[in-house]
Amino acid sequence: MADGAKSGLASGTSGSPQLTLDNDELAAKAKENEAAINSTYLNDSNDIESYSERGVDIPEHIKEKLSQLQNKGDSITGSIGEFSISDVSIMSKETGVEFARVTIGGKTYLIRGDKGGTVIPNELLDEMKMHSGTLDFHSHPHNDDCVPSKSDRLMMRKLRQTTGQRESSIVTPNGRTTLFDEHGVIETGTVSSTLDDARRRALMELFGGGK
Ligand SMILES: [Zn+2]
């Protein structure tokens, strides 16, 4: 890895925010330049309806985080345990984009990606390498899409070689989770969202209940 490389936070595909790279392009990019993780669905299908659109108020602490993560490549730091996997699931549902959480020492980083992937900046990868940092999890923006992409698996191979980390997780907007490594899925699960009840109530109000 290039020492001291000042990688920009964005992936360098500026110009068209809807531009999606396919897996091979992303993989090549990861090899030559920056590492990226991306979701399986690389289209513009719009199956995401944010909680806000459904009239469900999201928690203040999540709103606050999102206000600091407006653009692809933005990142914020927090203490250990901040940016929980269920919070990040909600954030993806709210925005329709990916997020990734990294932990290094006593610090966590939450990085905003876009619909097709998240770029882990080189300087953060260098920090991870020096201080045994981990890519804890990342979100995919489509319901039920918790399958690791080719780029996800290449990322895990890269991490195994550089930091020794072998496993990481994926979470979807509807709370499905996957633990995976460079070879694929290890196990699947779910996280419960505290918004489920609020969402149900909002839908009841919208559609007059019934059931
Ligand atoms: Zn992914």
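Seven strands line up in an open sheet, in the order E2-E4-E3-E6-E7-E8-E9 and with mixed pairing; strands pair here if DSSP finds at least two bridges between them. The model is a predicted one, so local features need pLDDT of at least 70 and side-chain atom pairs count only at pLDDT 80 or more, while totals for chains, interfaces and linings use all residues. Residues are numbered from 1 along each chain as its sequence is written.

At the edges of the sheet sit strand E2 (75-79) and strand E9 (184-190), each pairing on one side only. E9 runs antiparallel to strand E8 (residues 176-181), and six bridges join the two. Thr178, for instance, has Thr188 in E9 as its bridge partner. Overall, the chain comes to six helices and nine strands; these are DSSP runs (helices H or I, at least four residues; strands E, at least two), numbered from the N terminus.

Then there is the core. Of the 211 residues, 36% count as buried, that is, with 20 or more other C-beta atoms within 10 Å of their own, the C-beta atoms being placed from the backbone. The largest nonpolar core has 27 residues, a nonpolar core being a set of buried Ala, Val, Leu, Ile, Met, Phe, Trp, Tyr and Cys residues joined through C-beta atoms within 7 Å. Among the elements giving two or more residues to this core are strand E3 (99-104), strand E4 (107-112) and helix H5 (150-162). H5 gives the most, with four residues.

Ile111 is one of the residues with the most contacts inside the core. Leaving aside neighbours within four places in sequence, Ile111 is in contact (C-beta atoms, placed from the backbone, within 7 Å) with Ser75, Phe99, Ala100, Thr118 and Ile120.

Note on methods
Buried ≥ 20, exposed ≤ 12 C-beta atoms within 10 Å, placed from the backbone. Contact = placed C-beta atoms within 7 Å.
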